[in-house]
Amino acid sequence: MPDSAPAFRPDFIRVENFSFHYGEKQAIFDIDMAIPEHRVTALIGPSGCGKSTLLRNMNRMNDLIEGVRHEGDIRLNGTSLYDPSVEVISLRKRVGMVFQKYNPFAKSIYENVVFSLRVAGRSKKSELDETVERALKAAALWDEVKDRLHDSAFGLSGGQQQRLCIARAIANQPEILLMDEPCAALDPLATLKIEELITKLKKQYTIVIVTHNMEQATRCSDRTAFLYMGRLIEYGETVQVFENPAHPETEAYITGRFS
Amino acid sequence: MQTGPNNQATPFATTGRSRRGEPWIWLTAGGLALGIAMALGLFLLILIKGTASFWPGRIELMEVSIDGKTELIAGYITQETERRDGEGKLHEEIQIFRGNKDLNGEAFKYIDRANILKSSRPESLLLVERLEFGPAIVHGVAVETPQGRIEVASPDFMPALETMLRQGAEARGRLLKIERKQIGAISRELEALGRAEKTGAVAAPTAASRREVLQKDFERLQAQAAEIRAEVSKSRFLGRSADGREITVESGALLGVFESNRASFAGRVGEMAHRIWKFLKDDPREANTEGGVFPAIFGTVIMTLVMSLFVTPFGVITAIYLREYASQGLFVRIVRVCVNNLAGVPSIVFGVFGLAFFVYFVGGKIDQALFSDKLPTPTYGTPGIFWASLTLALLTLPVVIVATEEALSAVPRGVREAALACGASKWQTIQRVVLPASLPGILTGVILAMARGAGEVAPLMLVGVVKLAPSLPIDDIAPFIHPERKFMHLGFHIYDLGFQSPDAEAAKPIVYATALLLIIVVVTLNLAAILIRNRLKKRFATSSF
C-alpha cells in the first residue's frame with residue numbers, strides 16, 4: 001500500500017501563513033496547514049469562505065485574475081510555488097485539476113486525454129496510446145469508451161465527461177490532483193462513481209477536494225478542513241471533525257444550521 | 001388567496017391592454033412580413049425577368065400603317081404598354097424587337113396597336129445571331145458556298161447552313177489562337193527584347209537578328225490569318241428582311257440561326273438552355289450588350305476569394321490580440337469603437353484610400369523597385385484586381401474582427417482553465433482549444449464579409465474594375481497569375497449595362513440576367529462557406545455554438 005510506504009510525507013503541501021486578496025477584498029486570512037501525501041483532504045465551508053480560492057492557488061490558477069496579490073507561501077514538497085524560478089507551466093504539469101463543471105475540449109475523447117502530453121511536445125503514437133488506455137482505465141471510463149475513442153467528447157453523458165476530465169488531469173501523471181466540487185453538476189449515480197474513483201486514485205495521487213456535500217466529505221476524505229469567512233477554523237482527521245468538532249461554528253455548519 | 005364567487009378578484013386577473021394577451025405582436029409580425037414580402041418580391045422580379053430574357057418567343061410579322069403608308073415589320077414583342085396622348089386619348093402600344101440594326105439604326109420600335117392591320121407568324125422567319133450589329137430577323141433566302149448556291153426551298157438548306165455554322169466557329173477558333181496567342185507571344189517577346197536592349201542585357205546585333213526572325217514569324221501568321229478570313233468570306237448566308245431588303249452574313253460572322261416560329265416547345269427549351277450556357281461562357285460583345293459575362297463572373301469570384309484570403313488571417317489575428325492578450329483598458333475600448341465605426345465608413349472612401357495608398361503608394365514603390373525597366377508604363381502602380389481585393393479586405397475587416405471577438409469570448413472560461421491546468425501555455429490554449437472551438441463563429445464572420453465584399457461596387461471603380469477587360473487575371477500565359485490586371489465585375493457590369501450602355505433597351509434583359517447571376521454567385525460562395533462551417537461543426541457536435 002503506497003500510504004504505508006516510507007515515502008509518505010505528512011506535509012507534502014504546506015500552506016504557510018497564506019493570505020490572498022482580490023483587489024481590495026481579502027479572501028483568505030493567514031491560513032496555515034499541512035496536507036499529507038496520498039491522502040484525500042476535503043475543504044468544506046459555506047459559499048464564499050475561500051475554499052475554492054485556496055484550492056486554485058495550489059496550481060496558481062488565480063494568477064489569471066487581474067489585481068490579485070498574496071502574502072505568505074504555499075510549498076509543494078518543500079518548493080515554494082511563488083519562487084521566481086518556478087515556471088507556472090511546469091508547476092501545472094505536477095498539479096492536475098478537475099473543475100466543478102465538466103469541461104472537455106471540442107476534440108475527440110482520445111485527443112482530450114492526451115492534451116497534456118501534446119502541449120508538452122510529446123507525440124509518439126505508442127506513448128499516447130498507452131497513456132490513453134492507462135488514464136481512462138484509472139478514471140474507470142475505458143470499458144465504456146474504448147470502441148469510440150475518436151468520437152467527439154461531447155457525445156458522452158455528464159458523468160462520463162467528468163470522468164474524462166479526470167482522465168485528462170491524470171494523463172501526464174501529476175503528483176497532486178485538485179478537485180473543485182467535481183460532483184456539483186452530476187446526478188447521484190455519477191457522483192457515486194466519481195467518489196469510488198477518488199478513493200481508488202489516492203493510492204497514486206495526493207488529492208485535495210472542495211465539496212459542499214457533507215456526506216461526500218465523510219465518505220471519501222481522510223482529512224477535513226473547515227473554512228469560514230476566509231479563515232481556517234478547524235482541520236483534522238475527517239472522523240474527528242465530523243463526530244467531535246472542536247469549534248461551535250464547525251458543528252453548526254456540519255449539522256446544517258447554516259450554510 | 002381569495003376564492004370568492006366573483007372571479008374578477010382572483011390574483012391572476014389581468015387588466016388593461018394586456019387582457020387580450022400580448023398587445024404588439026401584430027406589429028412585430030407585420031414588420032417581419034413586410035421584410036419577407038419585399039425580399040421575396042425583389043428576388044422574384046429578378047428571377048422572372050432574368051430567366052425570361054433567355055426564352056425564345058415567336059416572331060410576329062405585322063402589316064403596319066405608318067403615316068398613311070403600309071410597312072411590313074417583323075420582330076419579337078418585348079413589352080405592351082399604354083400611353084395617353086396630348087388629347088387624353090388612350091393608346092395601346094407594343095414595343096417590338098426587330099433587330100437588323102444595320103438597316104434600321106435602332107433595334108426597338110414602338111407601334112400603336114390600332115395601326116396594326118394584319119399579323120402572322122410565318123415559319124420562314126429566322127433569328128440570325130451575328131458578330132456585329134446584333135441579331136438579324138430575316139426570311140432565309142439561300143446559302144452560298146464555294147460549291148454553289150442552295151436556295152431555302154431545297155431540303156439541303158438547313159444541313160448546309162449547319163455545316164457553315166460549324167466551319168465558321170472553327171475558323172473563329174483558329175483565328176483567335178493565331179491572333180491572341182501566337183501573335184500576342186511575338187509582341188510580348190519584342191517588347192521584352194526592347195527592354196533588354198535598353199538595359200544592355202542583350203547586345204544590339206543579337207537583338208536585331210532575333211527581331212528579324214520574329215518579324216518573319218509575325219508576317220507568316222498574319223498571312224495565315226488573312227487566308228482563313230478569305231476562306232470564310234467565300235461562304236455566306238443570304239437573307240431578306242421583312243420589308244424586302246437584303247442582309248448578307250459571312251460565315252465567319254455567323255454565330256447561330258434559330259427557327260423561332262418553327263421550333264417545338266422542346267426546341268425552344270433547348271434554345272433557352274443554349275442561350276444561358278452562352279451567356280455564362282462567352283465574352284461580351286458590342287459594348288457588352290451582346291454575348292456573355294464570363295469575364296465578369298470570373299473576376300467577381302477571384303476577387304472575392306483573394307479578398308477572403310487576406311481578410312481572414314488579418315482579422316483573426318487582430319481579434320485574438322484584442323480579446324486575448326491586450327489588457328482591457330481604455331485604449332482597447334477606443335480601438336474597439338474605431339473598428340466598429342470602420343464598418344460604417346462609406347465604401348467609396350475605402351476606394352479613395354485604396355487608390356491613394358495601395359495603387360499609387362505601394363504600387364508605385366513596387367514599380368520603382370521591380371519594374372523600373374517598364375516605367376513610365378506602370379505595372380502595379382495602376383488599378384488592378386490585387387489592389388481591389390486588398391481594398392475590399394480592408395472594407396470587410398471590421399466584420400471579421402467583430403465576429404471573431406464574439407466567437408472567442410463565447411468560449412467558456414472553464415475550457416480555457418482546463419487547458420491551462422493541463423500545463424498548456426496561453427498560446428497553446430488559444431491555438432489548440434480556443435480557436436477550434438470558435439472556428440464556426442469565425443467562419444460566420446468570413447461568410448458575412450464575403451457577402452458584403454462580393455456585392456460591393458463603388459470602391460472597385462477606383463481600384464481596378466473596368467467595363468471590358470481584354471484578358472482574365474488568371475490565364476495560360478506565363479506567369480499565369482496576373483494580380484496587376486484590371487478585371488470585370490458583375491456588379492459593375494450591371495451598372496455599366498443599365499446606365500452607360502448606348503442602347504439601354506437592348507441591355508435591359510441582360511441587366512436582369514446579370515443581377516440574377518450576381519445573386520447566384522454570392523449565394524454560391526456563401527453556401528460553400530456555410531457547408532465548410534457545418535462540416536467543422538459536425539465534427540464536434542453540440543458545443544458552445
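Within the largest nonpolar core, which holds 174 residues, A:A167 and A:L177 touch the most other members. Such a core is a set of buried Ala, Val, Leu, Ile, Met, Phe, Trp, Tyr and Cys residues joined through C-beta atoms within 7 Å. The model is predicted: local features need pLDDT of at least 70 and side-chain atom pairs count only at pLDDT 80 or more, while totals for chains, interfaces and linings use all residues. Residues are numbered from 1 along each chain as its sequence is written, and chains are lettered from A and ligands numbered from 1 in the order in which they are written.

- Leaving aside residues up to four places away in sequence, A:A167 touches A:V113, A:A135, A:L136, A:A138, A:A139 and A:L141; contact requires C-beta atoms, placed from the backbone, within 7 Å.

**Sheet in chain A**

- Four strands of chain A build an open sheet in the order 2-1-4-5, with antiparallel pairing; two strands pair if DSSP finds at least two bridges between them.
- Strand 2 (25–35) and strand 5 (79–80) of chain A each have a single partner strand and stand at the edges, so one side of each lacks a neighbour in the sheet.
- Seven bridges join strand 1 (residues 13–22) of chain A to strand 2 of chain A in the antiparallel sense.
- A:H21 has A:Q26, in strand 2 of chain A, as its bridge partner.

**Chain B overall**

- Chain B contains 14 helices and 13 strands.
- The radius of gyration of chain B, taken over C-alpha atoms, is 32 Å, whereas a compact globule of 545 residues would have one near 24 Å; the globule rule is 2.2 Å times the number of residues to the power 0.38.
- The C-alpha trace of chain B spans about 100 × 95 × 45 Å along its principal axes.

**Domains of chain B**

- An automatic or database domain assignment divides chain B into domain 1 (60–130), domain 2 (138–286) and domain 3 (294–539).
- The centres of domain 1 and domain 2 of chain B, taken over C-alpha atoms, are 33 Å apart.
- Their contact takes 17 residues from domain 1 of chain B and 21 residues from domain 2 of chain B.
- On the domain 1 side of this contact, strand 6 of chain B gives the most, with six residues.

Conventions:
A residue is buried if 20 or more other C-beta atoms lie within 10 Å of its own, exposed if 12 or fewer, and partly exposed in between; C-beta atoms are placed from the backbone. Two residues are in contact if their C-beta atoms, placed from the backbone, lie within 7 Å. Helices (H or I, at least four residues) and strands (E, at least two) are DSSP runs, numbered from the N terminus.
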